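I am opening my notebook on this one and jotting down each thing I look up. Come along and check the entries against the view.

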Amino acid sequence: MFSASATKWGNQSVGTYKTSDFRKGLKVQIDGEPYLMIEMNFVKPGKGNAFYKCKLKNLLRGTALDRTYKGGDSLESADVEEIDVQYLYRQQDMFVFMDNKTYEQYELSSDQIDDSWKYLKEGMGCSMMLFNGNPIILSPPNHVELKVEYCEPGAKGDTATNVTKPVKVETGAEIICPSFINMGNVIKVDTRTGQYVERVST
Amino acid sequence: MAAESGDFRPAASWEVLHLRARLLRRIRRFFEDRGFLEVETPLLSADTVIDRYLDPIPVTLFAAPQQMTEGPRRWLQTSPEFAMKRLLAAGAPSIYQITRAFRGGEVGRLHNPEFTIVEWYGVEDDMRQGMQLLSDLAELLFQQGAAERISYAAAFERWLGIDPHAADGPKLAVVAERQGIAVPDSLPMEDRDGWLDLLLVECVEPHLGFESPVILYDYPATQAALARLRGDRTPVAERFELYFRGIELANGYHELMDPEELRCRNQQINRLRHTDGKPLLPESSRLLAAMEHGLPPCTGVALGFDRSVMLVSGAKELSEVIAFPSEIA
């Protein structure tokens with residue numbers, strides 16, 4: 001979602017967007033907080049004023065907001081930038097990352113990281129969103145490969161995927177897997193859903 | 001999005017493009033059968049319709065290709081209305097046209113800045129006859145029966161419980177709040193028409209035209225545009241619109257004939273455009289000259305062809321029925 005087309009606005013200093021600039025993917029600022037325009041519906045009676053019905057997602061809290069603007073209104077742009085980072089290490093409650101280009105380090109708290117800690121391996125490339133230069137959202141790659149550290153042994157010869165069990169992977173997270181997965185296996189996990197995808201190696 | 005450079009293919013399917021051609025033929029036959037003369041008028045004109053919320057796209061007729069922005073100014077027409085009325089004043093019979101119209105800044109699910117418009121004028125038709133003709137065409141296009149007719153006031157009474165001709169801005173604002181709709185912070189309390197537009201779009205339009213097409217008529221006098229007014233105590237504009245499945249498709253007027261009244265409305269609209277920070281549009285036009293000469297009594301209607309194709313085909317967006325919508329044009 002926050003891909004190439006969106007990042008071109010990232011380095012722009014704070015300005016304003018006129019209603020004619022409104023479109024899906026725009027990053028704007030309302031009451032000092034960054035929002036992503038996730039829906040924009042242009043409605044206009046043939047002979048009347050234009051209305052811009054927007055659904056906005058708060059990038060700090062993930063909540064959604066419905067707002068309607070009329071022709072001639074404007075919104076402040078948000079200084080939001082997306083950068084490629086590498087996960088370095090965890091220090092108590094803080095996760096430390098490094099910007100691949102500038103080598104600058106950024107810290108995110110476990111609250112900000114949310115469920116993403118489950119997928120973080122040292123050296124892993126992630127993408128990070130900055131608001132006014134501060135990190136706000138971390139996105140791990142869509143798929144990660146994790147080694148199974150511990151699990152109950154599966155029933156011999158059982159290759160059915162509908163029988164599942166929890167396994168503990170190298171990051172310490174628990175993932176629900178088919179029962180044929182064993183210790184030492186490497187599995188692929190979808191970080192957007194937290195679900196097991198396939199066994200990569202035994 | 002289909003905007004990948006190098007992707008040359010149309011956004012609309014061949015099935016839909018064939019449907020467009022069929023509907024164009026059907027519309028031409030409809031008007032031919034009724035004795036309407038097909039006409040063509042310029043897309044580039046020194047004159048343009050003056051509307052507070054229609055923004056015509058300016059073009060220059062440059063003298064030298066080295067200075068393309070210099071030279072006489074022309075406007076891409078937002079509708080062929082002015083030129084068609086010049087033909088009427090010059091003695092045309094009932095006329096129709098299928099052409100392109102251009103409206104700056106209008107992009108969305110139901111808007112493309114360049115679109116196909118069907119516009120016609122029935123000479124000697126009053127509003128009732130104009131609505132009948134529109135209903136006949138809607139019946140032909142959508143095959144969902146004749147259009148139901150409901151006045152603007154009756155529609156507001158039915159779905160909002162208010163009299164749109166009597167309620168003031170603050171009263172309309174209270175109604176909007178009670179309806180729980182998102183309201184633009186910038187909408188001034190005294191902008192009565194702005195509140196009416198918002199309520200129309202949010203609370204009335206979504207109900208219109210789900211069994212058969214619907215014609216909404218007798219608009220507030222302040223939204224007359226180029227329609228004539230009727231009545232003394234609470235004058236209404238003899239203006240009407242066609243809706244089908246909640247979507248506005250056509251706009252018609254029992255046409256204003258008085259050039260003095262047009263002059264007044266033009267000045268007033270330009271004042272409002274000025275307060276909106278928009279460029280003023282030329283108030284004197286060859287249409288005024290035509291009206292001084294005498295416009296015959298008539299009712300005129302403009303129908304959005306692309307939206308009609310959208311509804312006939314069951315498409316959800318205009319971009320599904322236009323070969324090359326704006327973003328890939």
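**Contacts in chain A.** I began with contact separation: among contacts in chain A with a separation of 6 or more, 45% are between residues 24 or more positions apart. I keep in mind throughout that this is a predicted model.

**Make-up of chain A.** Next I looked up the secondary structure, and chain A has 2 helices and 16 strands. Of its 202 residues, 28% are buried.

**Confidence.** The average pLDDT is 88, and 90% of the residues score at least 70. Residues 1-13 of chain A are another matter, with pLDDT below 50, although this stretch has 13 contacts in the model beyond near neighbours in sequence. Where pLDDT is low, the predicted coordinates should not be read in detail, so I leave those contacts alone.

**A sheet in chain A.** In what order do the strands of the open sheet in chain A run? I traced 5 strands as β9-β8-β7-β10-β11, with antiparallel pairing. At the edges stand β9 (105-109) and β11 (134-139) of chain A; each has a single partner strand, so one side of each is left without a neighbour in the sheet. From one strand to the next, the twist averages 45 degrees.

I zoomed in on one pair. Strand β7 (residues 80-91) of chain A runs antiparallel to strand β8 (residues 94-99) of chain A, and 6 bridges join them. For a landmark I took A:Arg90, which stands opposite A:Phe95 in β8(A).

**Where the chains meet.** How many residues of chain B are in contact with chain A? I found 26, and they meet 21 residues of chain A. On the chain B side, α6 (192-204) and β11 (247-254) each supply at least two residues. The most comes from α6(B), with 6 residues. Sorted by class, this side of chain B has 10 nonpolar, 8 polar and 8 charged residues.

As general background, nonpolar side chains in soluble globular proteins tend to be buried together.

I picked B:Leu216 to follow up. Leaving out residues up to four places away in sequence, B:Leu216 touches B:Ile150, B:Tyr152, B:Ala155, B:Leu208, B:Phe240, B:Glu241 and B:Tyr243. I noted that B:Glu241, a charged residue, is on that list too.

Methods. Residues are numbered from 1 along each chain as its sequence is written. Chains are lettered from A and ligands numbered from 1 in the order in which they are written. This is a predicted model: local features need pLDDT of at least 70, side-chain atom pairs count only at pLDDT 80 or more; totals for chains, interfaces and linings use all residues. Two strands pair if DSSP finds at least two bridges between them. Helices (H or I, at least four residues) and strands (E, at least two) are DSSP runs, numbered from the N terminus. Axes are lines fitted to C-alpha atoms, for helices over the stretch in contact, and angles run from 0 to 180 degrees between N-to-C directions. Two residues are in contact if their C-beta atoms, placed from the backbone, lie within 7 Å. A residue is buried if 20 or more other C-beta atoms lie within 10 Å of its own, exposed if 12 or fewer, and partly exposed in between; C-beta atoms are placed from the backbone. pLDDT is the predictor's confidence in each residue, from 0 to 100.
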